[in-house]
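Colleague: I have not read a model like this before. Could you take me through it one feature at a time?

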Amino acid sequence: MTPSPQTPFRTFILKVANRCNINCDYCYVFNSQDQAWQGLPARMSVDVARAAALRIAEHLSTYGLRAVHVVLHGGEPLLAGPQHLEHVLRILKDGVPAETEVFFELQTNGTLISETWLDLFERYAVTVGVSLDGPPAANDRHRLTHASRSSAAAAVRGIELLRSRPRLFAGLLAVVDLANDPVEVHDYLASFEPPVIDFGLPHGTHEAPPERHDPTAPEYGLWMSRVYDAWLAQPQYQHSVRMLEDIVALSSGARGAVETLGLAPPSSVVIESDGTIEGVDTLRSVEEGASWLGLDVFNESFDAAIHHPKLLHRQGGTAVLAEQCQSCPVVEVCGGGYLPHRFSVARGYRNPSVYCTDLEYLIRHVQGSLQRHGWTLGPAASPSP
């Protein structure tokens, strides 16, 4: 086969479980516009895993890829159970050509981590990220059990177990909440010595914008700027903060690592528990069916997803952005903002992000700091205010 000129997928996100043992109120899977999870299998079958492995191998062969990331996701992936998940891992590992390096990753809420799970992760070299929004009071604003009880202690217990095998610990993921103190959140998460802290902005659209105290202020940008300052102020911590490192990289002319910033075409795809293929699963926060392509691993290759009309707006650089974004001096860093955050009923995704002013504030704050420290910024950098 002749490779497509489009960007191949290098990260495959498998929804190995489609239920969760806690009930985060901001969850885009279970508490969003799209309720498709109710009709999906509670866990991925070995038949789906086998079909996914064949399609991944096919894709690797087509594009001559020598490394691939396979992310086990959910819901809560540990609800699949260790025995079943080992079957899935073995199928995926055996299905990929021997000359291809496979990086297995898993994202969990941490509450079910045990020594049994860690033994399994050791056998397959699975690195594990844990979601935690900060100290117990901060975490429990949104991350409660189905019985409305705290999930914080169980998550921390899981993190401490994971820390006993540091090569498995991928890092922590936290969702920004303006009600929480950014320095307190950062320092608390840093105290677990994660290699990475990944802050995510709450999913919102122009139809359902994120909560703010002052709609005229870049409150999320200010919040993350305080995280940046706290991060720089404590060199004893060796972790990276992914959003901030991406801004540094993009401002310096390098490529970023995440899909939420920059103009590089995304390279990830989602396989649901029933084998259906999604482009960006976070589009479930937009409207019913926004993420669905009508494809599945039993009948279509991943090339069909690359060329799907719904994914073409991910490949077009500045041409697919709102006019005001195309001429913005920081567009090569913010990339117009994350795709779901641009949506409106009237204009689809051709809008500035609902976090436009926040991103601009944060980017200028970081770039100003870099300039004060003597960094030479690339062409993507805007003049510091």
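Modeller: An open sheet of 10 strands, with mixed pairing, has the order 9-8-7-5-4-3-1-10-11-12. Helices (H or I, at least four residues) and strands (E, at least two) are DSSP runs, numbered from the N terminus, and two strands pair if DSSP finds at least two bridges between them. This is a predicted model, in which local features need pLDDT of at least 70 and side-chain atom pairs pLDDT 80 or more, while totals for chains, interfaces and linings use all residues. Residues are numbered from 1 along each chain as its sequence is written, and side-chain values use heavy atoms, without hydrogens and water.

Colleague: Which are the edge strands?

Modeller: Strand 9 (240-241) and strand 12 (292-296), since each pairs on one side only. Elsewhere, strand 10 (residues 268-271) and strand 11 (residues 276-278) pair in the antiparallel sense over two bridges. Ile271 has Ile277 of strand 11 as its bridge partner.

Colleague: Which strands does helix 1 touch?

Modeller: Contact means heavy atoms within 4.5 Å. Helix 1 (residues 46-63) packs on the sheet and touches strand 1, strand 3 (67-73) and strand 10. The direction of helix 1 makes about 155 degrees with that of strand 3; axes are lines fitted to C-alpha atoms, for helices over the stretch in contact, and angles run from 0 to 180 degrees between N-to-C directions. Helix 5 (residues 152-163) lies across strand 5 (126-131) and strand 7 (169-175), at about 155 degrees to strand 7.

Colleague: Which residues of helix 2 are buried?

Modeller: Buried means under 20% relative accessible area, exposed over 50%, partly exposed in between (1.4 Å probe, protein chains only). In helix 2 the buried residues are His84, Leu85, Glu86, Val88, Leu89, Ile91 and Leu92. Their cover includes strand 1, helix 1, strand 3, strand 4 (101-108), helix 3 (115-124) and strand 5.

Colleague: How is a pair of aromatic rings described?

Modeller: By the distance of the centres and the angle of the planes. Rings of Phe, Tyr and Trp (its six-membered ring) pair if their centres lie within 6.5 Å; planes under 30 degrees apart count as stacked, over 60 as edge-to-face and the rest as tilted. The whole structure has nine aromatic pairs. In one of them, the ring centres of Phe12 and Phe302 are 5.0 Å apart and the planes are at 55 degrees, so this pair is tilted. Phe12 is in strand 1 (residues 11-15) and Phe302 in helix 9 (residues 302-306), 290 residues apart, and the pair links distant parts of the chain. Phe12 counts as buried because its relative accessibility is 0%, and Phe302, at 1%, is buried too. Phe9, Phe12 and Phe302 form one aromatic cluster.
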